[in-house]
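Please examine the structure below together with the questions that follow.

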Amino acid sequence: FSFSWQTTFQDGGEEVEDGAVYNVTLKKVQIQQAANKGARWLGGEGDQLPPEHTVRQYETSKIRAIKAGTLEKLVENLLTAFGDADFSYISIFLATYRAFASPRAVLELLLDRFGNLETSSHGEVANLNSLESEMVLRAEIASVLRAWLDQCSEDFREPPDYLCLLKLLDYLKNNMPNSDMESRVQNLLKQFQNQEVEAVDGFCSTSCSDLVDGEELEISNPEEFSSFQDHVVAEQLTYMDVMLFKRVVPYHCLGSIWSQRDKKENKNLAPTVRATITQFNAVTKCVISTILGTRELKIQQRAKIIEKWIHIAHECRILKNFSSLRAIISALQSNSIYRLKTTWMCVSKDILLMYEELSEIFSDHDNYLTSRELLMKEATSKFANLDSSEKENQKKSQKRLQLQKNKGVMQGTVPYLGTFLTDLIMLDTALQDYVEGGLINFEKRRREFEVIAQIKLLQSSCNSYCLIPDQKFIQWFRRQRHLTEEESYRLSREAEAAADTNILSPKSQKSMVKRISTLFLGTDVFTPPKEQPLKSSPVGGSSGESTDSASVSSCEFNHSETEDVCVTPVSSPEDPLKKSSVGSDKGYDSDKGSISSDKGSGSSKGSICDPGSGLDSGSIPPRDSVPSSAPRVLPVYNRQSEGSCIIRVSMDGLHASVYKSILITNQDRIPDVTQRALLKHNLEPDAVEDYELVQVISEDKELVFPRDANVFYGMNSHVNFDFILRKKA
């Protein structure tokens with residue numbers, strides 16, 4: 001017989017049980033069946049028969065996917081999901097449950113409530129049905145435990161007692177003695193016990209704190225830096241990025257977890273994410289230090305260093321290392337480097353065009369659509385897909401790419417982690433944790449898993465890299481002393497003042513200024529805030545600060561590192577190259593709180609990432625190809641839609657970049673919004689009467705709201721949704 005089938009899906013509504021709500025989808029399969037031997041006689045070609053000689057049969061099955069439920073129901077669903085044809089449920093639960101439960105709570109429910117397989121105390125022989133049920137239950141629990149150990153073994157790393165692992169081992173000894181899983185758990189326990197407990201801030205890292213005893217930080221020697229070949233620097237940066245990214249624990253990226261990092265008790269939270277941020281900051285600071293650290297450099301020498309970093313960024317692009325690529329571009333677009341007008345004039349035209357093309361990868365147009373599409377396009381490709389509008393750059397790119405291909409070694413993809421962190425923060429802000437009846441909103445977790453799955457896919461691709469560490473470069477990189485914002489700004493002014501402005505004719509200089517200005521306009525420019533040496537400022541930002549602090553050079557990773565940071569191009573007062581304000585997603589938004597930024601991080605007035613579009617572009621295929629109902633438009637920053645939006649609220653007296661994102665609706669009035677803002681800034685929520693909420697209209701204009709005003713309708717929707725919470729006089 002020959003078969004062909006066609007599958008259609010139909011929304012079956014919802015099913016409500018005690019403690020759970022399910023989405024139901026009806027899967028209808030049409031099967032056509034015919035005898036092969038009669039096909040040719042009946043005039044069909046191959047196995048294809050005329051319609052009148054086929055038999056059509058229809059099979060309809062029901063797919064139940066839990067939408068919301070109590071913790072007990074969600075754990076129980078781990079055992080029944082396969083029967084409900086919700087095949088991705090276990091993976092989604094394991095990747096996201098830390099947002100609403102602890103490993104111990106889940107394990108106790110799974111083993112004590114549903115996994116008690118002991119025979120009755122009377123010793124009666126169970127009947128056949130109960131024995132079969134026991135075997136099925138044992139197999140289901142074993143399947144869940146196996147998946148847990150495969151996908152999230154780090155959940156059981158609880159030194160020094162390892163209570164969950166010991167509880168699991170005790171369960172296996174009693175119910176599955178001498179099984180492979182029992183041996184596996186024993187080995188995992190020994191592995192954890194034998195491993196030295198790592199200090200959180202010493203996480204593999206390539207930070208400048210990992211120095212050999214006796215070594216001191218130093219300002220880069222230009223000659224030593226120039227001795228490293230461009231591709232070697234890019235490969236070593238990629239090696240360090242890969243090692244860190246592969247160690248990222250996906251649930252550390254969840255908005256509800258990452259946004260809690262500013263609380264004192266959470267200083268050790270999400271160490272794997274903090275480590276990637278430390279590396280990103282180290283790269284951006286290294287770029288700035290090599291360009292500005294040596295006062296004696298001539299203009300042409302400084303321009304050569306800028307050119308070298310652009311070449312290194314291009315090599316990172318060939319290696320598909322979007323993390324270091326973005327770090328380098330961010331540093332070159334920082335205020336202290338951008339303002340070196342005379343130096344930029346000495347950068348060759350071809351290299352400036354290359355720099356422009358690399359910068360356009362991170363354009364904020366359509367919620368960073370270019371970088372998102374490029375990332376997912378190359379996520380599983382063997383090599384980078386290099387296109388250049390400039391012929392000479394195209395030739396160089398193809399030549400370098402061909403050399404990579406000739407080596408026969410495939411490449412992975414290192415993403416800019418901040419994009420995913422922003423999406424997860426926005427999802428956490430826009431979607432509620434609980435729904436009516438106090439049930440856990442599991443639809444929110446399914447949406448989060450779409451982002452987590454992309455991170456896991458890219459982590460898997462990183463196994464394709466075959467890079468060897470170069471200890472000479474790594475030690476040089478770690479030895480670099482990073483400039484503070486004040487230092488970099490002061491050195492930038494000194495370098496510009498010392499420049500011989502007569503090296504170019506007025507006409508040539510005017511042309512070059514226009515060219516550079518055009519280069520930056522319209523691209524995704526992220527720079528730290530301008531330092532103001534004439535005014536006392538709260539900004540600091542030295543390299544000695546904590547690893548989770550945003551730095552002057554981590555302009556864009558401010559958005560991956562802190563919800564509170566959002567970067568915008570800012571020029572110094574004497575800088576004639578005024579950059580346009582470009583929206584960016586540099587800030588993190590969450591209704592759970594966030595870390596304070598390194599006091600000198602930038603601030604942006606741009607559009608934050610749209611979580612909807614962020615998830616749609618390049619996302620993995622829908623689970624089991626089951627169509628879900630179209631999601632509602634999620635609230636976003638700088639846009640009012642369907643009666644809700646997201647605003648950013650900073651505290652008066654703190655840097656504008658330290659903000660919290662608040663989800664408001666058309667029902668919210670000043671006291672409600674003020675109370676939520678106080679909570680997110682870790683202040684006493686009962687002090688509502690002591691504060692006033694104002695919207696920033698411009699540098700010299702504010703909109704002050706009356707006591708009971710409706711914020712949604714009262715705000716100015718034609719400017720950025722940036723607010724200040726100020727204590728009343």
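Q: What percentage of the accessible surface of the protein belongs to carbon and sulfur atoms?
A: Accessible areas are computed by the Shrake-Rupley method with a 1.4 Å probe, and for residues only the protein chains shown count as cover. In this predicted model, local features need pLDDT of at least 70 and side-chain atom pairs count only at pLDDT 80 or more, while totals for chains, interfaces and linings use all residues. Residues are numbered from 1 along each chain as its sequence is written, and side-chain values use heavy atoms, leaving out hydrogens and water. The accessible surface comes to about 32,600 Å², and the share of carbon and sulfur atoms is 50%.

Q: What percentage of the residues in the protein is buried?
A: A residue is buried under 20% relative accessible area, exposed over 50% and partly exposed in between (1.4 Å probe, protein chains only). Of the 729 residues in the protein, the buried ones make up 55%.

Q: Is Asn77 buried or exposed?
A: Asn77 is found in helix α1, residues 71-80; helices (H or I, at least four residues) and strands (E, at least two) are DSSP runs numbered from the N terminus. Leaving aside neighbours within four places in sequence, Asn77 is in contact (heavy atoms within 4.5 Å) with Tyr22, Ile66, Asp84 and Tyr89. Because its relative accessible area is 2%, Asn77 is classed as buried.

Q: How are helices α10 and α11 oriented to each other?
A: Axes are lines fitted to C-alpha atoms, for helices over the stretch in contact, and angles run from 0 to 180 degrees between N-to-C directions. The axes of α10 (residues 271-292) and α11 (residues 299-318) come within 9 Å and cross at roughly 155°. Angles under 35 degrees count as roughly parallel, over 145 as roughly antiparallel, 65 to 115 as roughly perpendicular and the rest as oblique. The two helices are therefore roughly antiparallel.

Q: Which residues of α11 make the contact with α10?
A: On the α10 side, the contact is made by Cys286, Val287, Thr290, Ile291 and Leu292. On the α11 side, the residues are Arg302, Ile305, Ile306 and Trp309.

Q: How are α8 and α20 oriented to each other?
A: Helix α8 (residues 230-246) and helix α20 (residues 471-479) pack with their axes 10 Å apart, at an angle of about 75°. Val233, Gln236, Leu237, Tyr239 and Met240 in α8 meet Phe473, Ile474 and Phe477 in α20. The two helices are therefore roughly perpendicular.
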